[in-house]
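Biologist: I would like to learn how to read a model like this one. Can we go through it feature by feature?

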Amino acid sequence: MPLNVRGAPGSPWVLYASVQRGRTPLPFGTLVLAPFTILPAGLGVLDASGSATVTFPVPGNPRFIGATSYWQALVTNPTALTNLETTTFTGY
């Protein structure tokens, strides 16, 4: 499962995952993940075109079918939160 992060070329980024949505206004955007369920899911530096792709393996376990994960990245230069990305597992 690939996720794309975009921002200013050469900017550091951190991708976060959560199992719940939230809404917390911050000076650099709105955090739309539930703060107490956030886990870091990846980090890096955006390439010369201002993008990065993060790929996650999807477990082959039927218990995950129907589960939803929420994703949001923090990028810099300028510091900003990205849009929310939602993933619902429908098969494996």
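This is a predicted model: local features need pLDDT of at least 70, side-chain atom pairs count only at pLDDT 80 or more; totals for chains, interfaces and linings use all residues.

Biologist: Which strands does β2 pair with, and in what sense?

Modeller: Bridges are read in sets, strand against strand. β2 and β5 (residues 39-45) pair in the antiparallel sense over six bridges. β2 and β7 also pair in the antiparallel sense, over six bridges.

Biologist: How many helices and strands does the protein chain have?

Modeller: Zero helices and nine strands. Read from the N terminus, the order is β-β-β-β-β-β-β-β-β. The radius of gyration is 14 Å, close to the 12 Å that the globule rule gives for 92 residues, so the chain is as compact as a globular protein of that length. Along the principal axes, the C-alpha atoms fill a box of roughly 40 × 30 × 15 Å.

Biologist: What share of the residues is buried?

Modeller: Of the 92 residues, 27% count as buried. The chain exposes about 5700 Å², with carbon and sulfur atoms supplying 59% of that area.

Biologist: Which residues make up the largest nonpolar core?

Modeller: For a core, look for buried nonpolar residues joined through their side chains. The largest one here has 12 residues, including Leu-3, Trp-13, Leu-46, Val-54, Phe-56 and Trp-71. Then ask which elements supply them: β1 (2-6), β2 (12-18), β6 and β7 each give two or more residues.

Biologist: Are Phe-64 and Phe-89 buried or exposed?

Modeller: Read the relative accessible area. Phe-64 is partly exposed, at 36%. Phe-89 is buried, at 15%.

Biologist: Which peptide bond is cis?

Modeller: First the general idea: most peptide bonds are trans, and most residues other than glycine have a negative phi. Here the bond from Asn-77 to Pro-78 is cis, with omega near 0°. Asn-77 also has a positive phi, near 65°.

Biologist: Where is Asn-77, and is Asn-77 buried or exposed?

Modeller: Asn-77 lies in the loop between β7 and β8. Pro-78 lies in that loop too, and β8 covers 80-81. The cut-off for exposed is over 50%. Asn-77 has 53% relative accessibility, so Asn-77 counts as exposed.

Biologist: How far apart are Pro-27 and Thr-79 in sequence and in space?

Modeller: They are 52 residues apart in sequence and 9.4 Å apart in space, C-alpha to C-alpha. Pro-27 is in the loop between β3 (21-26) and β4 (29-33). With 82% relative accessibility, Pro-27 counts as exposed.

Note on methods:
Residues are numbered from 1 along each chain as its sequence is written. Side-chain values use heavy atoms; hydrogens and water are left out. Buried means under 20% relative accessible area, exposed over 50%, partly exposed in between (1.4 Å probe, protein chains only). A nonpolar core is a set of buried Ala, Val, Leu, Ile, Met, Phe, Trp, Tyr and Cys residues joined through side-chain atoms within 4.5 Å. Helices (H or I, at least four residues) and strands (E, at least two) are DSSP runs, numbered from the N terminus. Two strands pair if DSSP finds at least two bridges between them. The radius of gyration is taken over C-alpha atoms; the globule rule is 2.2 Å times the number of residues to the power 0.38. Accessible areas come from the Shrake-Rupley method with a 1.4 Å probe; for residues, only the protein chains shown count as cover.
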